[in-house]
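Have the model open beside you as you read.

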Number of protein chains: 6
Amino acid sequence: MKAYLNRRYRFSASHRLHSEQMSDAENQSTYGKCNNPHGHGHNYTLEVTVAGDVDSKTGMVLDIKDLKQLVEDEVLQSMDHRFLNKEVPVFSSTLPTTENIAVEIWKRLAQKLPNGKLHRIRLYETPDLYVDYFGEA
Amino acid sequence: MKAYLNRRYRFSASHRLHSEQMSDAENQSTYGKCNNPHGHGHNYTLEVTVAGDVDSKTGMVLDIKDLKQLVEDEVLQSMDHRFLNKEVPVFSSTLPTTENIAVEIWKRLAQKLPNGKLHRIRLYETPDLYVDYFGEA
Amino acid sequence: MKAYLNRRYRFSASHRLHSEQMSDAENQSTYGKCNNPHGHGHNYTLEVTVAGDVDSKTGMVLDIKDLKQLVEDEVLQSMDHRFLNKEVPVFSSTLPTTENIAVEIWKRLAQKLPNGKLHRIRLYETPDLYVDYFGEA
Amino acid sequence: MKAYLNRRYRFSASHRLHSEQMSDAENQSTYGKCNNPHGHGHNYTLEVTVAGDVDSKTGMVLDIKDLKQLVEDEVLQSMDHRFLNKEVPVFSSTLPTTENIAVEIWKRLAQKLPNGKLHRIRLYETPDLYVDYFGEA
Amino acid sequence: MKAYLNRRYRFSASHRLHSEQMSDAENQSTYGKCNNPHGHGHNYTLEVTVAGDVDSKTGMVLDIKDLKQLVEDEVLQSMDHRFLNKEVPVFSSTLPTTENIAVEIWKRLAQKLPNGKLHRIRLYETPDLYVDYFGEA
Amino acid sequence: MKAYLNRRYRFSASHRLHSEQMSDAENQSTYGKCNNPHGHGHNYTLEVTVAGDVDSKTGMVLDIKDLKQLVEDEVLQSMDHRFLNKEVPVFSSTLPTTENIAVEIWKRLAQKLPNGKLHRIRLYETPDLYVDYFGEA
C-alpha cells in the first residue's frame, strides 16, 4: 500500500526581493514593500511529503527521525535565523521568493532521498500564502 | 520549473438552502437547519491556486497583487457581506451550496486568467468543511 | 484549588447592523458593509469560562456534559443557523453586534449557573475579532 | 461538474508502537518514546474526501449527514476513546501507526460508499504530522 | 515595566478517568467514554506564563532557553508519551483530569521559579477544551 | 456594560538581538541564533484590546475602522516589512525583543486613545511565543 507522509518544520528568516534585471522603479512596482532595502522576515513553515509503500515490518513510509535529521542538516541549519540573500549563497544570484526557496529545498532533499521518495515541498511564507513544488521541470 | 501558488482570501456571507425542485418536507430532511427560512451565515475562506512556470526574472508564478485585484473585482465585491440567494443573481436559480459557490468562483476567475493558469478553487464553509474544484466538467 | 474551565462551541448565524437611532447615511458610515440591507453571516465561536474549586471527588470544576446541555438549550437552539435580527427577539430592538451578543449570552447562562460560576463569555465573530464580557455592569 | 467534498472528524485514542518482528532494542531505536510500554495518546483528526458530480437537484456531492453517520458507525464508535492495540482487533496484529490507521479507515469506508466515491483519507496524528492514503495498492 | 511572557509546549499522553470514590455506574455516568477501561489519549498543549519586569540589559522577562529546560526536566520528561495513571505517581491517587494535571504542573514549576514569577498554567486537552490555573488555593 | 474588544493585525519584520552592554560571547550565549549578525525575521501578530462601555447607540466599544486606522498609522506603517534595528529609531538603542516591541506599541497607541481605553497589547513572535503588556510600569 502506497501512502504519503507529511511532516511540518519551521524556520524564521529574512529576505529582500530586488532583481538586478529590473530598474529601481520596476522593482518597487513589482515587489512593493518586499523591496524595502533592509529586508524583512517571516516565520516559514515547511511541509515535506514523502511517498512510498508502507513497510510491512515497521508500518511506516519512512522513519520520521531520519527525515527530521535530513531536514535539519540540509535546510534548517543554513536557513533558520538567517538573512537569506546574504547568508545562503544560492540566493545571492537567485531571488529568494517563496517559489524559489521551495525549489531550492526540493533540490537539497531530493538528492539525499531514494529516487521517487520525495513527493512535494510545500512552503508557507505566511499562513495565507504558500507554494507547492512537485519537482516538475 | 512549474510551481503552484496558493493564496487565501476571506468573505462573510449568508445563504439559505431550499430547492424549488423539492417539497418543504424534502427540503427540511435534506438541508436540516440550513433550510431555516431566513438564512444564516458563514465566514468563508477562499483559497485560489494558480499553476505555472516560475518566471526567471521575477521569481514568481504570478504577481500576487494582480491576483488580489482580480479576486477583489470578480468575487469579493459581489459576495462579501451579502445574502447570496438574494444579492448574487446566479444564486437565485442555483443553490448556494459550498460546491456551487466554488464552481461559480472558478468560472469567474478562469475566464480572466491565462488559459491553464487556474488550477484549483478551494472553498471553506467552516474550518471543518471545504470543497475543491479543479474545473472538471 | 480554584481553576477556570474553558470550552468552545460554534454556531453560524447572519445579522445586519442598522440602528434606528441613526440616519441611513450615519448607519452606512458607522457600519460600512455590515449595514448592507439583506444581512450577511459569520461562523461564531463561543468560548464559555466557568470558575470554581476543583471538586475533590470528580477532579472537575463542572461536568462538561452539563455545560454542553446548558449552552445547547440556552444559546445554540435559538441562535444557530438563524438570522439574529429577525429570529432572536432581543435583537429586534438591540443591535446584534459582537458586544451585544456576548452580553446576551452572559445573561442567559449566568441565571442558570450557580452564583459566581460564570467567569467570562468570549465571542469570536471571525478568528481576528472577538469580545470578552465578564458581567461588568 | 466533479467536485471534492472534504469533512473533518476528531477522535482521541491511545496506541503503542512495538513490533513482534523486532527485538526490544530494535523497537526502541525505531519507535523511541512511542515504544513506551503503557502506550500514550493523541487527538487524531480524520479528514475524509469524497469525489463526485455535484447533484443538480441538491447542489451537493454527498449528503453530509449521511457521511457523518457512516464515519460515526464505521470509525468513531470503535476507535474514539480507545486503546487501539487492545480494543480494535485489527491492531493486535497490525501496528497502529498513522499509516496503518489511515489504510484501515479507508477499507472500512470504501466498502460502504459507492464505487469510486472515496477519494482520500487524511489522518493527522498531530497538527504537524499527517498521512494521506488514496487506496493505492 | 512588567510584562507577561507566554510559551507553548506539547506532549502526548493517555489517561483514564475512574474514581475509586464512585461506583462503576456513577463513574460511567460522570465520565462517559473517558471511563473506558483501557484509557485513551490526547495531544496536550501546555502554555506557561511567567510575569516580571523586563530586564533592561537583556530586554527579556526570562531567558526562554531556561524556561524550556525547566519544562523539559519537570514536566515533559515524566509526562510525554506516558499513560498518566500508571506512570506518573501522583496520578495513581489523584484523577488525571485536565484540572488536576494543570495544578500538578503548577506545583512542579512554581517551586523551581523565583517567587511570584509563575503567573498561569494553561493546559489544553483538545483545541476546544482548556483549563487555566493561577495558583489559587 | 463594560466589554473588551480584541482585534488582530499582522506585520512581517526582521530583527537582531545583540546588546551593546554584553560581550560577543555573552550575547551569543543569551540570544543563540537570534544573535546571528545579519538578523532574521518573523510574521508578527499584534492583538490590541480596548476596554470600555458598550455604546448604547452603536452597540460597540469602539469603531473598529478607527482602530484599524490608528494601528495602521502608528504601528504598521513604520514596522511592517522593516528591519526593526535599522529602520525604527527606538530600536537602535532598545533591543527589539518581543517584550520591548510590545511596550513600544503600547506607548504609541495609549497616547492616541482616550485615557484608560487601551487594556492590553499582545504580541506573537511565533504562534507559540507571545508577550502581554498591560501598561504596568
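A salt bridge here is a side-chain nitrogen of Lys or Arg within 4 Å of a carboxyl oxygen of Asp or Glu. With that in hand, A:Lys57 and D:Glu26 qualify because their side chains come together at 3.1 Å, N to O. Please keep in mind that this is a predicted model.

**Extent of the interface**

- Chain D brings 23 residues to the contact and chain A brings 22 residues.
- About 1,900 Å² is buried between chain D and chain A, and carbon and sulfur atoms give 49% of that area.
- D:Glu99, D:Asp128 and D:Tyr130 together supply 31% of what chain D buries against chain A, more than any other three residues.

**Polar and charged links**

- The rule finds two salt bridges across the interface of chain D and chain A, one of them the pair A:Lys57 and D:Glu26.
- It also finds 16 residue pairs in polar contact across this interface, with both residues at pLDDT 80 or more.

**What chain D presents to chain A**

- Helix H1 (24–31), helix H5 (98–110) and strand S5 (129–133) of chain D are the elements that each give two or more residues to the side touching chain A.
- S5(D) has the largest share of that side, with five residues.
- By residue class, the side of chain D that touches chain A holds twelve nonpolar, six polar and five charged residues.

**Strand pairing between the chains**

- Strand S1 (residues 2–15) of chain A pairs with S5(D) in the antiparallel sense, over five bridges.
- Within this part of the picture, A:Ala3 has D:Tyr133 of S5(D) as its bridge partner.

Technical notes. Residues numbered from 1 in each chain as written. Chains lettered and ligands numbered in written order. Predicted model: local features only at pLDDT ≥ 70, side-chain atom pairs only at ≥ 80, totals over all residues. Heavy atoms only, no water. Contact = heavy atoms within 4.5 Å. Buried area = accessible area lost by both parts, 1.4 Å probe. Polar contact = N/O pair within 3.5 Å; in protein donor to acceptor, adjacent residues only side chain to side chain. Helix = DSSP H or I, 4+ residues; strand = E, 2+ residues; numbered from the N terminus. Nonpolar A, V, L, I, M, F, W, Y, C, P; charged D, E, K, R; others polar. Pairing = 2+ DSSP bridges.
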